[in-house]
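User: I would like to learn how to read a structure like this one. Please start with a pair of packed helices.

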Amino acid sequence: MRTETLSAAEPYLIRQDYTAYTQEQHAVWAELVERVYPELEKHAAREYLEGFEIIGLQRDCLPHLGSISARLEPRTGWNSTPVSGFLPAPAFFEMLATRRFPTTTWLRSKDSLEYTPEPDIFHDVFGHVPMHAHAVFAGFLERYGRVCAAMQDDAVLEKLGRIFWYTVEFGVIRQHGEIKAYGSGIISSQGECRNVMSGGCAIRDFTLDEVLRTPVKVDELHKLLFAVESFDQIYDAMNEAEQRAMNGTL
Ligand SMILES: [Fe+2]
């Protein structure tokens, strides 16, 4: 049972009204899953696919966040907490630091299956939450939240945001000689997944220095991403980033 109370994030907490979802919305979820899952069986990291089963995601109906959290919390202490929408940075970091993943409850419409300007429940739950069942990734994500929550300097936070972008959102890993996706932005987007897996994107070895000097681009398919060999690497990178941030060398 979590004891820390939220302050910055408190105004954004909502309840998920599961009964309000329509049959059409469940059908949109099913279509979204059907579009990408066959690709993911080939191209997603093993830990993502295991997490998908662990948290009990269904392919044909929207996720009930309470049920997801009930399966996830005993494993890693993470939960999937419903929020009203995009969170300001302090609220977002506060939630990550206490292993609560801010989760939107709305779903994109049938007319915009590939793209939404803001994250929806498909991006947040299908894309992100399975990885939270992996102990090392789970620890990394909490650490990211704790480090960012303690930082005031916008330039430092922008650099730390690049770590998040090239791991949590667009991370890839080498497994048995192949590139596999674990980042939500690849997992939840047919276009991004195909771009990466068809060789449309250069893949370099993940190093903290290179990630920190690679700005984020949000308006085009990626031309460069960074592959880790294991999730220990991103946990260690976060420790290193914290040390550098503390002594002013990030
Ligand atoms: Fe995301």
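Analyst: Note that this is a predicted model. Start with who touches whom. From helix 6, Leu141, Tyr144, Val147 and Cys148 meet Leu157, Leu160, Ile163, Phe164 and Val168 of helix 7. Then sort by class: the contact has 9 nonpolar residues, no polar ones and no charged ones.

User: At what angle do the axes of helix 6 and helix 7 cross?

Analyst: The axes of helix 6 (residues 135–149) and helix 7 (residues 154–169) come within 11 Å and cross at roughly 165 degrees. An angle over 145 counts as roughly antiparallel. Helix 6 and helix 7 are therefore roughly antiparallel to each other. Their crossing is left-handed.

User: Is Ala138 buried or exposed?

Analyst: Count neighbours around the residue. The cut-off for buried is 20 or more other C-beta atoms within 10 Å. Ala138 has 21, so it is buried. It sits in helix 6.

User: Which residues is Ala138 in contact with, leaving aside neighbours within four places in sequence?

Analyst: Those residues are Thr76, Trp78 and His132. For a spatial reference, take Ala97: it lies 41 residues from Ala138 along the chain, and their C-alpha atoms are separated by 11 Å.

User: Now backbone angles. Which value of phi does Arg99 have?

Analyst: Phi of Arg99 is near 55 degrees, a positive value in a residue other than glycine. Next, locate the residue. Arg99 lies in the loop between helix 4 (89–97) and strand 2 (100–104).

User: Where is His176 placed, and what is its phi?

Analyst: His176 is in the loop between strand 3 (172–175) and strand 4 (178–181). Its phi is near 50 degrees, again positive in a residue other than glycine.

User: Last, the whole chain. How many helices and strands does it have?

Analyst: It has 11 helices and 6 strands. The radius of gyration is 17 Å, close to the 18 Å given by the globule rule for 250 residues, so the chain is as compact as a globular protein of that length. Along the principal axes, its C-alpha atoms fill a box of roughly 55 × 45 × 30 Å.

User: What share of the residues is buried?

Analyst: Buried residues make up 43% of the 250. Of the contacts with a separation of 6 or more, 63% join residues 24 or more positions apart.

Technical notes:
Residues numbered from 1 in each chain as written. Predicted model: local features only at pLDDT ≥ 70, side-chain atom pairs only at ≥ 80, totals over all residues. Axes fitted to C-alpha atoms, helices over the stretch in contact; angles between N-to-C directions. Helix = DSSP H or I, 4+ residues; strand = E, 2+ residues; numbered from the N terminus. Parallel < 35°, antiparallel > 145°, perpendicular 65-115°, else oblique. Left-handed = near helix turned anticlockwise from the far one by under 90°. Contact = placed C-beta atoms within 7 Å. Nonpolar A, V, L, I, M, F, W, Y, C, P; charged D, E, K, R; others polar. Buried ≥ 20, exposed ≤ 12 C-beta atoms within 10 Å, placed from the backbone. Rg over C-alpha atoms; globule rule 2.2 N^0.38 Å.
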